[in-house]
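Please read the following as a guided walk through a single model, taken one region at a time.

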Amino acid sequence: PAAAADFMEQHGVRGRIFNHFHLGGYLAWRAWPGRERLPFVTTQPENIRPEIRARYPRVFVDRAAWDALDGEYHFDIAVLDRDQDPGDRLLDYLDADTTWALVFSDDAAQLLVRRRGALAAVAQRYGYRILPAGIRRRMQIVPAAVQDTAFRTAARAELERMAASSTENGGAHHMLGIFAMMDGRLTEARDHLSRALEK
């Protein structure tokens, strides 16, 4: 999640991070020697406290398990893989929770922060208003864009921002290509879809 880590450094995003374990090693490396952006878990499960190791997998499939863990640790930041494994619904839970805002997204990671507290200004300035973090709502973007040209225009602006924020931007270019086809801009569509295939 290199670009997500860059975003955190550039915009002063620091606090308690919840993360997918396979992103933890890189996040720990980027945080060193500071302690302001340490991951919750890393790629070495033996280093995770046994009580956390037992609870951690449940938060991706059980909203109550996530709420309980979050209620205990009061996470400020979530750094999660954009690709959700079958049954992984944590990004969908966060989409449905109005206290969280998606502030950065690329093919590698989704970065969300709390809308209240120390990161409120970041959430207000950089929070996506149209594009969601989770796959459940993401699957609704194209059908909504077909029906509503104003929605499509607003979503396109956010996708262009997303594509410009990281070189790992195949997902953004893919959707921009679909939107361009909707508008009959076939040359532009081909360019976006070709870029998506390169990623």
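Axes here are lines fitted to C-alpha atoms, for helices over the stretch in contact, and the angles between them run from 0 to 180 degrees between N-to-C directions. With that in mind, and remembering that this is a predicted model, one can begin with a pair of helices: the axes of α1 and helix α2 (residues 21-31) come within 10 Å and cross at roughly 35°. The crossing in which α1 passes α2 is right-handed. On the side of α1 the contact is made by A2, A5, D6, M8 and E9, while α2 contributes Y26, L27 and R30. Sorted by class, the residues of this contact are five nonpolar and three charged, with no polar residue among them.

Strands of a sheet pair through backbone hydrogen bonds, either parallel or antiparallel. In this model four strands form an open sheet with mixed pairing, in the order β1-β2-β4-β3. Because β1 (17-19) and β3 (100-105) stand at the edges, each with a single partner strand, one side of each is left without a neighbour in the sheet. On average, and with direction ignored, neighbouring strands of this sheet are turned by 20° against each other. Between strand β2 (residues 77-80) and strand β4 (residues 110-114) the pairing is antiparallel and extends over four bridges, and L80 stands opposite Q110 in β4.

What, then, of the nonpolar side chains? In soluble globular proteins, such side chains tend to be buried together. The largest nonpolar core here has 34 residues, of which F18, W66, L80, L90, L94 and L112 touch the most other members. Two or more residues of this core come from each of α4 (63-73), β2, α5 (90-96), β3, α8 (141-147), α9 (149-164) and α10 (170-182). A second, separate core has 20 residues, including A4, L27, A109 and Y126. Returning to F18, and leaving aside its neighbours within four places in sequence, one finds this residue in contact with a set that includes F40, Y56, F60, W66, L80 and L90.

A last stop is G87, which is found in the loop between β2 and α5. With a relative accessible area of 37%, G87 is partly exposed. Its contacts, apart from neighbours within four places in sequence, are with F60 and V61. The C-alpha atoms of G87 and D62 are separated by 9.5 Å, although the two residues are 25 residues apart along the chain.

Definitions and conventions
Residues numbered from 1 in each chain as written. Predicted model: local features only at pLDDT ≥ 70, side-chain atom pairs only at ≥ 80, totals over all residues. Heavy atoms only, no water. Pairing = 2+ DSSP bridges. Core = buried A, V, L, I, M, F, W, Y, C linked by side-chain atoms within 4.5 Å. Buried < 20%, exposed > 50% of the residue type's maximum accessible area, 1.4 Å probe, protein only. Contact = heavy atoms within 4.5 Å. Left-handed = near helix turned anticlockwise from the far one by under 90°. Nonpolar A, V, L, I, M, F, W, Y, C, P; charged D, E, K, R; others polar.
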